[in-house]
Amino acid sequence: MSVLAAIGNTPLVALRRVVPPGCARIVVKLEGQNPTGSMKDRMAQEMVAGAMRDGRLRPGGTIVEYTGGSTGASLALVAAAKGYRLRIVSSDAFSAEKLTQMAAFGAELNLIPSDGGKITKRLIEDMIAAAKAIAAEPGTVWADQLNNRDSIAGYHPMGEEIWHQAAGQVDAFVQAVGTMASLRGVATVLKQHKPGVRIIAVEPAESAVLSGGAPGAHRIEGIGIGYPPPMWAPELVDEIIPISTNDAEAMARRLAKEEGLFAGTSSGANVLAAIELGKRLGPQATVATLLVDSGLKYLSTPLYRRA
């Protein structure tokens, strides 16, 4: 059996201590229990499978991608398991743990300098341009996660898992927007089971472009690219909730200390948005969201770095 068989079927647990009285039940999917510690294992497996199916990726071929780290680690896992070369364009704006993990799986890294460690629209555009240049080389396939719709199907199983693990009691689903693939994949499945389920998008308050604001710098890795991603589907989303980096980091720390759940900054943003919605829906409702990755990916960052 391949290591790829270990992807998915992660636990769904209810939050107990960080949820205020009168709030909906908040349940979270523990995606840090995937092999690389991130939900991105799901999309990476599907993107590589799609490139193999349509003949773009052949034996001995090379995959290239721009990534803040989690997608890169997931692609590196899949590439290692299937025997492909992987070239990654990333940046010093992302955690050292993510870069180290990608390299450990055999990825070759090309790092683009950031502006003071911040994630900005310019940085994302520079990373994409570098990946596109590498993709022009013979025998190379560009995963292109922002435009690759195979990634959406990678999250359909997550939607089924949430529905069945919650015994069909899901009134809303909350997820932060990076590529939009996870929100679209899960929402599609949940709406098949329950057309009236509410779908909530989360973005950095410092770069609230989906809400009509201006792009800005923030520290929530994996989301908020500074412009609506190509797979953004506003008709699917009932509400957009902006969360600041500082608030998201504070909730991530609370999750570790009060719930025993060790996750990253975007997971803190998800939980804050889920609670904000849950206070309006009331205690009879159930709101599902994701702890998208493991806190082990952020030990060197301000999120968890010890003074």
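Here are some questions and answers on salt bridges and helix packing in a predicted model.

Residues are numbered from 1 along each chain as its sequence is written, and side-chain values use heavy atoms, with hydrogens and water left out. Local features need pLDDT of at least 70, side-chain atom pairs count only at pLDDT 80 or more, and totals for chains, interfaces and linings use all residues.

Colleague: How many salt bridges does a search of the whole structure find?
Modeller: A salt bridge is a side-chain nitrogen of Lys or Arg within 4 Å of a carboxyl oxygen of Asp or Glu. Searching the whole structure that way gives 16.

Colleague: Is R42 buried or exposed?
Modeller: Buried means under 20% relative accessible area, exposed over 50%, partly exposed in between (1.4 Å probe, protein chains only). R42 has a relative accessible area of 4%, so R42 is buried.

Colleague: How are α1 and α2 oriented to each other?
Modeller: The axes of α1 (residues 40–53) and α2 (residues 70–82) come within 8 Å and cross at roughly 50°. Angles under 35 degrees count as roughly parallel, over 145 as roughly antiparallel, 65 to 115 as roughly perpendicular and the rest as oblique. The two helices are therefore oblique.

Definitions and conventions. Axes fitted to C-alpha atoms, helices over the stretch in contact; angles between N-to-C directions. Helix = DSSP H or I, 4+ residues; strand = E, 2+ residues; numbered from the N terminus.
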